[in-house]
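Subject: Handover of a structure and the findings from it

Dear colleague,

Please find below the structure that I am handing over to you.

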Amino acid sequence: MAELHIIGQIVGASGFPQNSLFCKWGIHTGGAWRLLSGLKEGQTQVDLPQTGYMAYWSHPIDLHYTTKGLQGWPKLHLQVWHQDAFGRCQLYGYGYCHVPSSPGHHHVRCVTWRPLGSWQEQIAQTFVGGGPQLRSPNIIYSGADRYRLHTVAMGTVELELGIIMRHFDRYGVES
Amino acid sequence: MTEENKEKLQLQDGVHIQERVIQHPPHIRLSRSQERGRLMLQEYKLKTLQSKINVAREVRIKEPQKIADKQSCSEEEAYRFFCHEFDELERNGPTTGTLSQQSRIDTVIDIENVDEGHNPLVPGDIETLDVNPDLLFVPSDLPVNQMRIIPRYLKPRFLEDEGFYVGERPQVPRKMMNKMDNRLIEEEKGQSWFGENGCVIAIPDPIQKYWHCKVDFPFSSQSPCLATVHIRPDKLRSAGSVVSNAEASAGLWQLDLNLARLNFTHHPLFCTEHVLAQRLYELYERYETREMKGATTFLREKLRGLRKSETALTTTDETAPGSKLRDLRQEIRKTHVALKNERQADISLVRNIVAAWKRIKTLRAKNGYVSTTVKLQLHKVKARITDSATNRTGTDEHMKARLYTDGDVTIKQHYLCRELKEHKEEEIYIPPVPGQEEETFTDSVNQKADQLDVVPVLTMCGVVTPTSSCPPDEKVRRYELANHKVSVNIFYNGKHVSTSEPSTFDSDFRVQIQQMFNMQIIHSPENIMLEICETVKHKSTVVAKIYVPIPDRNMLSSNATMERSEFSSDRTIKAYYAGVGSNVPFKLEKEDTEVCLITSGRLLYVLSWAVDESGFPMAPTAPPHRPSFTRPMVSGPNASRLEWIRDLQCDPNHPSNTELTELLREACEQRDRATGHFRLHALEEEFDFTTEEQLEKSRRFGLLQLRSSHAVDVSLSKPIPLHDRDITEAMFADYDASPSLFLMDEDPITMQRARSIHYIQKALNLARMKLLNIKRKYKFSDIVTEYQEADTVTEFDWDMFRLKRPLRPQRVKTKIIPTCSLSDGDLRIRVAINNAQALPVRQEAFLKEIHARGSCCALTSSSRHNMTSSSEKAVLQAQVQPFVEVRFQETTYESSIEQGPNPCWREEFTLEFKSLGGDYSHAALSKVQDNIVINVFDEMSFQVIESSSLRGCGTQVFSGRQWLGSVTLPFRSLLQQSKVYEKLTICTPPTLLGYTWTGEDMVNDQGIEIPARRNTSFINVFITLDPAISLSDDQMAKDGDQKPLWLFSTDEDEDLLDLTYEYEKQCKVAAGRVKKRVITTVINSEGKFVLAHRFFKPLPPPQEVVLDTPDNSMSVLERVAAFVSMIPTLSFPSDVGDSGDMWLTSEQCLELAMGNDVSLAVLLCNFFHDLKLNGWLLVGTSVIEGETTYVLTQENTWFVLWNPRDGKHYQSYDSFCPLKTVDCLVNGENVWFHLQPTRKMPITFDVSNNATWKPLFPKGFNSDKSSMPTEIKYHPSQIDLVNLLQRRMEMKLKSCVMDWRSPHPTRWSPRCAVMLSEVMQKLERNPAPDTLELEIDRVLDTMKDYKVTGFPIHMAYQDMSTVIEAVYNTRIHSTEIPGTEFALSTYIHPYPNHILSVWIFLATLVKHQHGVFYVPSVHEH
C-alpha cells in the first residue's frame, strides 16, 4: 500500500499584470487515490508586494495520500486571482501542474493562462475589470479540447514541493 | 544605354533584381532618355516600397518574328508613341530633356538587326549597348551637405525632440540612404523630397511586428464545456451566503406564445349539419392517420418479399432445412391474415366516411340550405401494376410515387366532370353504393392488383348558402354566431398577463387569433394557463382553461412546432333555433338515438423560448442532471433485458419500431464491444498495486483517516505507528468517540436516555466546533508580531534593601508546577483521612438478641467471659468497627479498622493519577471524569464455633463488611480547589437496616457543640494534589481586548452584548486576583450566545409532584427538588471551550430527561418561580463539586440553598453546607455579581444592596423577557415500560452479584425481597421518620431468625451500568460469612417524561444459629 506525502508550499507568483494576488489551489487525483490526512484545497492570503514584482504567499501544503494504483497521479490546479484597490477580485490565471513523481525536493514552476473572451469583454476588462472565467473549471486539468480556447498567457506560480514516497518500490515503481 | 549598363546601375544600387521577361509592345524602340526616365521611376518605386524586395524589372528581349511583322511602323511613330507616355516625366526632369535630344541621334536601340535564329530566352540574346561613362550619373554614397537640402536660414527641425510622435523610420543602410539623398538632390534639387529635419521623408515602419490576424478555427461553435462566462469584478462572497440563481439572470428569460387558432369540435351553436360534418371530419382524420402509417402497404410488401424468398427456397436450395421453410410459410400465413384485417379496416373506414357524407348530403337536401363548407370527393385510383410477381423490384417509395401520380392523373380526368355540387339540385353523380363498394373492395383484397381503388378527399371548399336565402331559424343562428367572439386570456404563474384580441367565428367554428405574445419573465415558470373566453355582446363566459406545458429549454422559437391542446366545457346550454346546444341531449334525426355533446375544441399554439442575439435561449438553465432518454438503455446493457427485447421479435422494418431497433443495435454493439474488443480499462486493474479491500483493511490508514476527521480535538492527536502491526485496538477506541449507541437489546427507556446523551453530545460537539472555527479566525496580532522596542530602563531592585535574613522564618511553599511539564506518574493525590463523626451504630435490639442467644450457644470460655464481663455500656460504645476505603482510578486503599462511631484513623494514602492518553494539559485534566470515592464500611467479624473439634470448641472468624456511606469527590473539583480540607457529610442511605444513629452531640472544630442531626455522619479529610498544579498558564491566555461574545453567532441585541461585556470587565476588575465567575451570556444548544437571564421563566412542576399526599413528610419545595434531582446528569463535561457550560433550556431538560448541573439548577429555579418563591441561580464553589451552581431561595428572612443534583437543602448559615463561596446570582430579571473581595459565603443575600451586589442591568431596565413558553406538557411515563425496566434491572443486578461472588454460592431470600420492595414503595413517598422506623421494625421482626443488615440506594436512572456501578460500590457481595443470604429488590417510581426514581434495596441475612458476631470489647480498644 503505497503512500505519498506532498509537503511543501506555494511560494508565490510573478509575471502577472498586477501584483496584488492570491491563489486558490486544489489537488486533483484519480479514483485510485485516497486522502489520508491534510487539506486538499485551499486559498492563500492576498499579497500586495511593496517591492519587487513577485507576490509571496508561502502557503503550506501538507497532504498524505495512499493509492491502489498509479493512475491519476495527483495534479495541482491553481487559480490566481487579483484583488484590486476596491477589494474586488478577478481571475488572473488558471494553471495546473503534476505533482513531481520522484521523491525529494522540487522546485515547480506552474505557468498560467486566462481565457481571452470576446473583444467587448476585453474592453470591459480594461476599464472596469472582471473578465471571462471558465464555466466548468475542471477543464483546467482535464480538457481534451482545451486548445480551442483563446487564451492569454499570464504569469507563473512557483511551488516548492517535497515528495516522500513509501512502499512504491514494493510494487515495482522505481523512484 | 545598353542593357549591360542598366544592370550595372542596378547592381550599384545594391538592390537585387530578379529579371524576368515581361510583355511589352515589341515594336517599341527605346531611346536612351526614355529608358532612363523609366528607370528612375522604377527606382523611386523601389526606394519607397522597401518591403518589396523583388521587383520586376523589364529586360528588352528581341522577338524577331513579331518585330519583322511590324516593319511598317516607322521610327518616328514609335518615338512619338513612347514620348507620349513619358511626357510628364520628361518635363519634370530637365536633365533628361537634354539627353532626349541626343538620344534621337545615337542611342536608339537597334532592335531590327537581331539575328533571327537566336533564342530570345538565352542570356546572350540580351542587347548590349556601348557605355559612355560621361552620360551615366552615379550618385555618391557620401553624406549630402545639409546646406544643399535645407535653406541656409533654416535650422533642421526634429519633431521627435519637440515631443511629437513620428513613428519609427524603416531601417535602411546608411550608404544607401546617402546615395538616395545624393540622387534626389542632383535630379530633383531636393524639392519636396526632404523633410524639415533634412532627411528623406519616410512613412513610419510599415512592417508590423505582431501578427494581428487571429486564427479562425474550422469549427464554428465551441463546445459547451469550453464556454467562458464574463464575470464582473465582485467582492468575494463568504462561503456561507446563498446566491440565488434567479437574481443573477433576472429579466433575461422570455417566453414566446403564439396563439394560432381555435377549432371548436362542438359548440352550442352547431346545427345538425355541423355535428354531422364534424363526425365526417373526424372519420377523415382517422383515415388520414391510417394512410400516413401505411400499414396496408407495408404488409403487402412484406408478404411479397416473403413469397419471393419462399419460392427461392423451394426452387433453388434443395438442402434448405424443412424447419426454415415451415417458419417462412407460417410467417406468410400470419402476414396474410394481418394484411387482410388491415384491408378490412381500411374499407370499413372508407365506407363509414361515405356513409357520413351521404347523411350530410341528405340533410342538406332536406334542409334546403348548406351551412358547412365540408366537401367530400372520392377519387378513383387505378393501380396500374399488373405484372405483380415479376416487376416488384422497385422500392416501396417508388411504387407509392407511381401510385399517387396515377391517382392525380385520374383525378383530373375522371372527376372534373363529376364533382359534387351540392348546392345545385342538378347533381347527377352518385358515389358508389356501399354494397357495390364492398364487392369491389373484397375483390381487391383477393386479387390484389388491377383494381379500382377509392380515395376519399375531404376539402373545406364547399359553398355555404348565403344567409339571405336561409330559413329564419338558420338566419337567427348565424346572426347569433356573428355576435359570439372568442378571446384568450393568458395567465403566467397564476397571474393574468395578457388577453388576445376578441375574434369572431367563421362558418366552420374556427377562430383565427394569430397573435404573438412575448413574455419577459423573472420568476421561474410554474404554470401557464390559457383561458378561453367567449363574449356575447358584453357578457363574457369562460369556456375552458387550458394548462399548457412549459416548453423544454431546447424548444426555441426557431424550431418550435405547432402544439394542439384540446379543451372542453361541461356547461349546459339549451338548444335554440337551429343550434343543438351543449351538454343537452338532442336527436340528429327523428329516428336516431339521442346524443349529448359538450362544448369542445382545440387550440393551436406555439410556446417556445425566445433566442437572444447570440443565439442562446433566454430560458432558465436546465437542472444539472437530467437523465437522458436513451441513457439507461445504452449505458447499462442488461443482458437479460436485451434478450427479452430480442425475444419480442418486433419487426425491425416496421417504421414505428425504427427507434427501438436503433437503440437495440446500439446496446448490442456496446455489449459486444465490451467483450470482443480491446479496451484499456480492462487492463487498468492490472496496473493496480492493491485492491480497495486491502486499503480498507489497513489499520494504519484507518487510523490516519480517523485522526484527520477528528482533527478538532487536538489533545487526541498523537503519532501513529508506522506499521500495521504496532496498532492496537485501543488506539481506535481513542478516536471512536461515539460507540455504537443504539444497542437493540436495551429497553426503550434506556434507549431514550442514550439518545438524549447522544443529542447533547452532538450539540456540544457542534458548539465546540463552532468555537474552534471562531478561534481559528486569528486577529492581526495573532499572526503578526510587531516589533516592540525593548524597555531599556531596568527595574530598580528594591530587594537589596531587604534584610538578608528575615527574623521570622517563612514557610517554604510547595512548588507549583505548570501542567505541561507533567508526565505519567508525576501527579499524585494525597488523601489523608483523619476521623469520622457520628457514624451509625449497630442496632441495640440486634445486640440484645446476640446476648440472648449467646448464653445458649456453646461459646468458648474466653469469649463467653468477654461477653459477660463486658458491661452494657461498653457494648453500647463499641457497636461499630468502621474502616475507610479510598478508591480512585482502579486503585483502592483500605484503612485500619477502628472502633466506635467516632473513629480516628489518621491515615494518609497516595493515589497515583494517570491522565487519559498521557495528556497533562490543563484542558485535558479538567476533562477527567474520575471521582475520588471514600467509602465507609463497618467491618463485621463473624465467629463460627466448630464443635466437632476434639479439643473442645474451636472458632473460625469470618469477616463481612457493611456499607455505611460514601463521599464522592470529583477530581475536577480537586483540580479547581487544589486542596480539600473539610469536614464532609457522608452520603448515607436514607435508612440502614440494623444500624442506628446515636443522638450524641458533636463538637465542631471551634469547640462549639452543635446539635446532632439525624442520620448524618461526617468525615474529616485532607485531599491535595502532589505536586500542586498551577493553572495560571491558562488564565494568561485570555485576551483582554478581544470581545469573545461577538464571535459567536447571536440573536441578541448588540447594545445588550456591549453592556454585558462592559459589566464582565468591571466585575473582573472588582474581583481582582480572585478568580470569580460571572455568567451573563451563555451558549445554548444551538451554539448561539444567549443572555443568561432568558433561561428563567416560571414553569409549573408536574401535578403529581406538587399534590400533597397524606403520608409524605416533605414540603412541596423539597418534593420539587427531589423530582429535579431524579433527572440524571451528564457523565461528561458540558463545557464549550472556555466559554463555560452549555445551557439547556428547561424544556429540553425535561424532554430529554437529561441535563447538566446548570440546567438542573435553572429548572429547579423555574419551578420555584412558579411556586411564587424568590429564587436565584447561585454560581459558586462547593467543597465537593468544585465550581457549581445551586439554587438560592428566600423564605421570610432566611435564605435556603438547594442542591439540584441531590435535592438537599441547607440554610445559608449552615456550616455543613458544601457550598463555600458565591460568585454571582442570576435570575430572570438580572445578574448580580458578588463584590466582596473574599469568597466567603455572605451572611445576607440582599441583592438590592449595591455595595455588595453589582447588578448587570440598572434599575428599571426592561430587557425583553425570555421566549420560553410558560406551559409545559408532561407526558405520563408508560407503566409497562417502567415495569419491564424494573424486572430487567433486578435480573441484571442479581446476575451481577452472583458473578462477583463467583466461586461462592449466592443464595437469595425472596421473602425478604418482597418485604423490602414494600418498604421501598413507602420510602419513595418520604414517610415521617417514625413511620419509617415502624416499617423497618416490621421487617426485622419478620426476619427474626436472621441478622439483617441492608440499605437502600436511591438514584436517578441513566443507564444500567451506572446502577450496577452503584451496587458494586457498596461491596455487599464481598462478605465471606457463610450461609449469608442476600436480598435484592428494585423499585422504580415513574415521574412524568420517564424521569425515574430508582430504589435498590440490598440486604444480607445471616442466620443466628451459625455463630455470633464478634463484638469488640472496650478493653481491646
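In chain A of this predicted model, among the contacts between residues at least 6 apart in sequence, 76% join residues at least 24 apart. Chain A has 175 residues, and 57% of them count as buried. Its secondary structure consists of 2 helices and 10 strands. Read from the N terminus, the order of these elements is β-β-β-β-β-β-β-β-α-β-α-β.

Q90(A) lies in strand β7 of chain A, which covers residues 89-98. Is Q90(A) buried or exposed? Q90(A) counts as buried because its relative accessibility is 9%, and the limit for that class is under 20%. The side chain of Q90(A) comes to 3.3 Å from the backbone oxygen of G130(A). Beyond its neighbours within four places in sequence, Q90(A) is in contact with V80(A), W81(A), H82(A), Q125(A), G129(A) and G130(A).

Chain B has 1421 residues, of which 43% count as buried. Its secondary structure comprises 40 helices and 44 strands. For contacts in chain B between residues at least 6 apart in sequence, the share that joins residues at least 24 apart is 73%.

A hairpin in chain B deserves a look. Strand β7 of chain B (residues 484-492) pairs with strand β8 of chain B (residues 495-499) in the antiparallel sense, over 4 bridges. Within this pairing, N489(B) has T499(B) in β8(B) as its bridge partner. There are 2 residues between the strands β7(B) and β8(B) of the hairpin, and N493(B) in the turn has a positive phi of about 50 degrees.

S895(B) is found between β21 (891-894) and β22 (904-912) of chain B. With a relative accessible area of 8%, S895(B) is buried. Setting aside residues up to four places away in sequence, S895(B) touches F883(B), V884(B), W905(B), E907(B) and F909(B). The C-alpha atoms of S895(B) and F909(B) are 8.8 Å apart in space, while the two residues are 14 apart in sequence.

I turn next to the salt bridges. Side chains of opposite charge can pair when their charged atoms come close. How many salt bridges are there over all chains? The count comes to 31.

Several of these lie within chain B:

- K175(B) and D141(B) form a salt bridge in which the closest N and O atoms are 4.0 Å apart. This pair links distant parts of the chain, 34 residues apart: K175(B) is in helix α8 (residues 174-188) of chain B, and D141(B) is in the loop between α6 (94-106) and α7 (146-149) of chain B. K175(B) counts as exposed at 55% relative accessibility, whereas D141(B) counts as partly exposed at 29%.
- E285(B) and R564(B) meet through their side chains in a salt bridge (3.8 Å, N to O). Here, too, distant parts of the chain are linked, since E285(B) in helix α10 (residues 272-293) of chain B and R564(B) in strand β13 (residues 563-569) of chain B are 279 residues apart.
- R304(B) and E301(B) form a salt bridge with their closest N and O atoms 2.9 Å apart. These two residues are separated by about one helical turn, because they are 3 residues apart in helix α11 (residues 295-315) of chain B. E301(B) is partly exposed, with a relative accessible area of 21%.
- E885(B), R887(B), E894(B), R961(B), E1365(B) and R1371(B) are joined into one network by salt bridges that share partners.

Finally, I come to the place where the chains meet. The contact takes 44 residues from chain A and 37 residues from chain B. About 3700 Å² is buried between the chains, and carbon and sulfur atoms give 59% of that area. Across this interface there are 3 salt bridges, among them one between the side chains of R700(B) and E3(A) (2.5 Å, N to O). On the side of chain B that touches chain A, α22(B) supplies the largest share, 5 residues. The residues of that side divide into 16 nonpolar, 12 polar and 9 charged.

Strand β9 of chain A (residues 131-134) is joined to β3(B) by 4 bridges, and the two run antiparallel. In this arrangement Q133(A) stands opposite V229(B) in β3(B).

Yours sincerely,
A colleague

Notes: Residues are numbered from 1 along each chain as its sequence is written. Chains are lettered from A and ligands numbered from 1 in the order in which they are written. This is a predicted model: local features need pLDDT of at least 70, side-chain atom pairs count only at pLDDT 80 or more; totals for chains, interfaces and linings use all residues. Side-chain values use heavy atoms; hydrogens and water are left out. Contact means heavy atoms within 4.5 Å. Buried area is the accessible area (1.4 Å probe) that two parts lose on being put together, summed over both. Ala, Val, Leu, Ile, Met, Phe, Trp, Tyr, Cys and Pro count as nonpolar, Asp, Glu, Lys and Arg as charged, and the others, Gly among them, as polar. Two strands pair if DSSP finds at least two bridges between them. Buried means under 20% relative accessible area, exposed over 50%, partly exposed in between (1.4 Å probe, protein chains only). A polar contact is a pair of N or O atoms within 3.5 Å; within protein, one must be able to donate a hydrogen and the other to accept it, and residues adjacent in sequence count only if both atoms are side-chain atoms.
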